[in-house]
Amino acid sequence: MSGSGGTLLLLLLAALLGAPGAAQPAGEAACRPVRAAFQVLQPGAKWVPESPVPGSDLQVCVPKGSTCCSRKMEEKYQATARLNMEQVLQSASMELKFLVIQNAAVFQEAFEIVVRHARNFTNSMFRTHYQSMGPRALKFVGELFTDVSLYILGSDISVNDMINEFFDSLFPLVYSHLINPGFPDPSVEMTECLRAARRDLKVFGNYPKMMMTQVSKSLQATRVFLQALNLGIEVINTTDHLKFSKDCGRALLKMWFCSHCQGLLLAKPCAGYCSVVMHGCLAGVIEIDNHWREYIGSLEGLTKGMHGIYDMEHVLLNLFSLVRDAIVYAQKNEGKLSTTISRLCGHAQQRQYRSANYPEDLFVDKKVLKVTQIEQEETLSSRRRELITKLKSHSSFYSSLPEYICNHSSAVQNDTLCWNGQEVVERYSPQITRNGAKAQPGNHEVKMKGPEPVISQIIDKLKHINQLLKGMALLHRKAPGKTPEEEEESGDCDDEDDCGGGSGDGELRVRNQLRFLAELAYDLDMDDTSANKQLLNQQSKEGAAVPSSDPGSAAPRPSPAAAVTLVLLLLLLGHRP
């Protein structure tokens, strides 16, 4: 019973699909279904023959007998086949594309939030401990963190130069307000002399050098991380909007629509035949596969090393403490400094007597910052780990594209009673298909002429970013014999520098990780207006663009979620075919 039922089903399918050797309907009845189906693609078109024609003008869907297709129909079918291919390709990458675009936007916004709060922490330290020079110091703090933001976004700024400039500008204030209090503001000549003397005299000990090392390492890692995410978007967009070769277009037409010309509207491509066509069309794209896998692995290596002095959260949110310790170091050496500066800069007036004792509460105010305790899983570090986990599930994205497209483009899952490009066959004998352009010379369906130039360019970019990522991962390996604390301090800090322990008991140090994009539970609104105006003005010169974060502006500040949504919309609209 079951055997006869199976035979009956095959006969029914053969009648619907047009079994091998079966006679096709003749006369107007043969082309009527074809005309109805074609009207969906091209409403009002009168290109469908009233009855089967020889089809001698056809170039791809060449019939063995007569056909229901004209030359214009063939051209329309080919354009539709190309469009179908592009749409299925974009559908395949949709989840991956959204993942990378979303995280690139979220991390960039999060890094800006970290920079803003680090600036506010530093401003708070000056206002709390050094009220006399605080307002003037805020300008230099703003300039420093503006440069930090621009560096993260890729501007050609030297970290050493920005930190040297900060301490050069800070020393005249420290000298006139703390070492020689009550002394009038120094002249332009005196200010320049103080700036020049700062480095030679090591006024702030080894703290500037420590700050350079920590900021440089953490910002380099952050910048390469963002560059890698943005390149990931570029890779996916490039492969999403590929222009397929002429041979590929003809093969797609033959696979998806030539059966219509024979009146076989329900015929579906054989799975093996579809695989051959897709491996030929996507041979250049699949060349990306090894570099894409390496990209994800290298990005994982970078994120694993983004801790300690390679974690910009840890470094920037504790930067105010290094600045404060540097000022304390200068104050402790004020006697020697004052004498030396008087000799170098011609200032004969000695500073007034000041006690050499520095009670702890002069430098440490335990109420200066109140930071909410944060769960570990809410940090940027955990978000990076989550991103890598999801990216690793897409590591085989490019090598699996042919299979994905065949599974989502109505190909027959088995190779029985299916379309082989010329006719419906009882069984298709699949060719052995392999990934990559070099494996396609034997592909009889699509002639491969080598990767498109745009694919070669994107592969070169992937090679470059992979080298950067691996280089950063190598730098993260600490020197043999060094503890994490020694690596964090870095630099040759001797006893005279007195920079090992910091000031006080360290209780002022804040939690070095922020609550992830929750507008961060901090009530810090100091100087956002002036600092962000300065940032935007500088960026307009650099040709960059950063969203304003001025909490005092008339318009409400968009939430991080809204910012992410806006960026996603702009990016998606900007890459429409």
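Helix α5 (residues 159-179) packs against helix α14 (residues 319-332) at an angle of about 50°, with the axes 11 Å apart. The crossing of α5 and α14 is right-handed. On α5 the contact (heavy atoms within 4.5 Å) is made by F166, F167, L170, V174, L178 and I179, and on α14 by V323, A326, I327, A330 and Q331. Of the residues in this contact of α5 with α14, ten are nonpolar, one is polar and none is charged.

The model is predicted, with pLDDT of at least 70 required for local features and 80 or more for side-chain atom pairs, while totals for chains, interfaces and linings use all residues. Residues are numbered from 1 along each chain, and side-chain values use heavy atoms, without hydrogens and water.

A second pair consists of helix α8 (residues 246-256) and helix α10 (residues 271-281), which pack at about 165° with axes 10 Å apart. Helices α8 and α10 are therefore roughly antiparallel, and their crossing is left-handed. The contact involves C248, A251, L252, K254, M255 and W256 of α8 together with Y273, C274, V277, M278 and C281 of α10. Ten residues of the contact of α8 with α10 are nonpolar, none is polar and one is charged.

Overall, the chain contains 22 helices (DSSP H or I, at least four residues) and two strands (E, at least two). Of its 577 residues, 51% are buried (under 20% relative accessible area, 1.4 Å probe, protein chains only). Among contacts between residues at least 6 apart in sequence, 82% join residues at least 24 apart.

Terms used: Axes are lines fitted to C-alpha atoms, for helices over the stretch in contact, and angles run from 0 to 180 degrees between N-to-C directions. A crossing is left-handed if the near helix is turned anticlockwise from the far one by less than a right angle, and right-handed if clockwise. Ala, Val, Leu, Ile, Met, Phe, Trp, Tyr, Cys and Pro count as nonpolar, Asp, Glu, Lys and Arg as charged, and the others, Gly among them, as polar. Buried means under 20% relative accessible area, exposed over 50%, partly exposed in between (1.4 Å probe, protein chains only). Angles under 35 degrees count as roughly parallel, over 145 as roughly antiparallel, 65 to 115 as roughly perpendicular and the rest as oblique.
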